[in-house]
Amino acid sequence: MSIAHIARPGIRAMKPYAAAEQIQETVRLNANEAPWHSPLDNFRRPLNRYPEIRPTAVRGALAGHYGVDVSQLAVTRGSSEAIDLLIRIFCREGQDNIVTIVPGFSMYRHYALVQGADVREVRSDPDENFAVAASDVLAACDQNSRIVFLCSPNNPTGTILSQETLVAILDARMNTSAVVLDEAYIEFSGEHSAIRLLEEYPNLIVLRTLSKAFAAAGARCGVALGDRAIIDMLDAVQAPYAIATPVVEWVEDALQADALAEAATHVAGICAERERLLGRLQQFAFIEHIWPSAANFLLVRLCNVQDVLTQSREDRVLLRHFGGELNNCLRITVGSREENERLLQSFARVGG
Ligand SMILES: *Cc1c(COP(=O)(O)O)cnc(C)c1O
């Protein structure tokens, strides 16, 4: 059974925005567009015209890439937009809540706060490699828990969520919560995507992005994959013309076989660098712990975070410090070999 019934009642009734018609080979005087081309307009589609309301060709190509039917996929401005839209679809202000794992990606909380939804946090234990226990997640849920946000590999810990845990949560919340699995980093993990569980679990929504493994963070393109009823609601809520013409054309090119093969080579290179960097980092006495990571970053615990941050900043290398319970930790993105060498040289200069 679809979980559309747990969406906000007003959203369920919504129809997609009725935009100006777009018909080939017509004189278009219905959308207040300019009739001339800017000298900078060198795209395959005319930039003076609005893009399609929803990018049909790219949506089809992405559906092919992820192995789903087009009716199961929405193209969004990064997966961040999908997070925002899903929370707006499912959560009533002041009544509903989302459940998230900490440490985790802060966008889920951010958009929940925008919507006025409550955030219930489930701790994962650093001493257990941040493994998520289904029982803890389920204990945090109540009848107003509209979305459970999971992330695998998890940011910022790099942890894989076991399929067993995912399925236990999906089963227990079958008709009561949407379960969003954010797979932003899955290409770096060698793990199977949960996309193949979509047929069995209408409450599952999988998020993928072109920001990481496709090297296209600047393009702002992601997808939400799920039950058709949920995709239809995303369609109804998302801004018309959300995906800009230059992005549409870039994604079309990025999904060609040669571009996909090249991206896969880069991803394999980053995974190899991750393991090399891990080995080199272990040699620094001030690094106390490095968690195993299936993503394109490493979470490390240090005994002198501030000294390391000061030195690396002086050497013009930026690292991510989160504070809170990860106050002694840094998240290090795996860069190119040269960039990683810059990091290691900076670490070698840390005094003490
Ligand atoms: C980077 C990242 C994303 C991707 O966000 P985009 O909006 O697609 O760039 C999504 N989820 C997590 C956990 C991330 O770390």
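Okay, let's start with a side-chain pair: Glu 33 makes a polar contact with the side chain of Arg 28 through its own side chain, at 2.9 Å. By polar contact I mean N or O atoms within 3.5 Å, where within protein one must be able to donate a hydrogen and the other to accept it, and residues adjacent in sequence count only if both atoms are side-chain atoms.

Quick caveats: this is a predicted model, local features need pLDDT of at least 70, side-chain atom pairs count only at pLDDT 80 or more, and totals for chains, interfaces and linings use all residues. Numbering runs from 1 along each chain as its sequence is written, and side-chain values use heavy atoms, with hydrogens and water left out.

Back to Glu 33. Its side chain also has a polar contact with the side chain of Arg 49, at 2.7 Å. Where does Glu 33 lie? In the loop between helix 1 (9-12) and helix 2 (56-66); helices are DSSP runs of H or I, at least four residues, strands are E runs of at least two, and both are numbered from the N terminus. So, buried or exposed? Glu 33 has a relative accessible area of 14%, so it counts as buried (under 20%; exposed is over 50%, partly exposed in between, 1.4 Å probe, protein chains only).

Strand 9 (residues 297-302) pairs with strand 10 over five bridges, and Phe 297 sits opposite Thr 333 of strand 10.

Terms used
Two strands pair if DSSP finds at least two bridges between them.
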